Amino acid sequence: MSRYERKESAVRRLLEGAPPPVPPELCAQAVRRGGRMLRRRRVVRRLLWLVLLAGAVAFAVWASVAQPWAPPPADTTPPLTRW
């Protein structure tokens with residue numbers, strides 16, 4: 001009997017048998033865990049929005065101070081041709 005056939009027969013035995021009993025407290029545990037996961041996701045989502053907003057504000061402040069759209073000042077003076 002090959003390895004595949006042994007696995008297949010083990011799976012068939014599991015599927016043909018009666019389903020295992022479910023503990024009665026399983027539903028309550030799942031509800032608690034799901035509530036925790038939802039609260040955690042909500043907090044993480046709010047923190048990410050807060051970080052994004054802080055980054056946008058920081059960028060706006062930097063852009064208003066540095067004015068990167070303005071041409072840089074010239075390092076040398078232009079030649080004087082009109083005297």
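Two helices and zero strands make up the secondary structure of the chain. The model is a predicted one.

**Overall form**

The chain has 83 residues and a radius of gyration of 34 Å, whereas a compact globule of that length would have one near 12 Å. Along its principal axes, the C-alpha trace spans about 105 × 40 × 10 Å.

**Charge**

The side chains include 15 positive and 5 negative ones. The centres of these two sets lie 13 Å apart. A positive surface patch is built from R32, R33, R36, R39, R40, R41, R42, R45 and R46. Take R40 as one of its members. R40 sits in helix α2, which covers residues 26–66. Its relative accessible area is 52%. Exposed means over 50%, so R40 counts as exposed.

**A nonpolar patch**

There is also a nonpolar surface patch of about 670 Å². Its members are V43, L47, L50, L53, V57, V61 and V65. L53 belongs to helix α2. With a relative accessible area of 53%, L53 is exposed.

**The salt bridge**

How many salt bridges does the structure hold? The count is one. Its partners are the side chains of R12 and E8, which meet at 2.9 Å, N to O. Where do R12 and E8 stand relative to each other in helix α1? They are four residues apart in this helix, which runs over residues 3–16, so about one helical turn separates them. R12 is partly exposed, at 49% relative accessibility. E8 is partly exposed as well, and its relative accessible area is 29%.

**Accessibility of the residues discussed**

| Residue | Relative accessible area | Class |
|---|---|---|
| R40 | 52% | exposed |
| L53 | 53% | exposed |
| R12 | 49% | partly exposed |
| E8 | 29% | partly exposed |

**Putting it together**

Helix α1 holds the R12 and E8 pair. Helix α2 holds R40 and L53. R40 is part of the positive patch, while L53 is part of the nonpolar patch.

Definitions and conventions:
Residues are numbered from 1 along each chain as its sequence is written. This is a predicted model: local features need pLDDT of at least 70, side-chain atom pairs count only at pLDDT 80 or more; totals for chains, interfaces and linings use all residues. Side-chain values use heavy atoms; hydrogens and water are left out. The radius of gyration is taken over C-alpha atoms; the globule rule is 2.2 Å times the number of residues to the power 0.38. Lys and Arg count as positive and Asp and Glu as negative; His and the chain ends are not counted. The place of a charge is taken as NZ of Lys, CZ of Arg, CG of Asp or CD of Glu. Patches are made of residues with over 30% relative accessible area and no salt bridge: like charges are joined within 9 Å, nonpolar side chains (Val, Leu, Ile, Met, Phe, Trp, Tyr) within 5 Å. Accessible areas come from the Shrake-Rupley method with a 1.4 Å probe; for residues, only the protein chains shown count as cover. A salt bridge is a side-chain nitrogen of Lys or Arg within 4 Å of a carboxyl oxygen of Asp or Glu. Buried means under 20% relative accessible area, exposed over 50%, partly exposed in between (1.4 Å probe, protein chains only).
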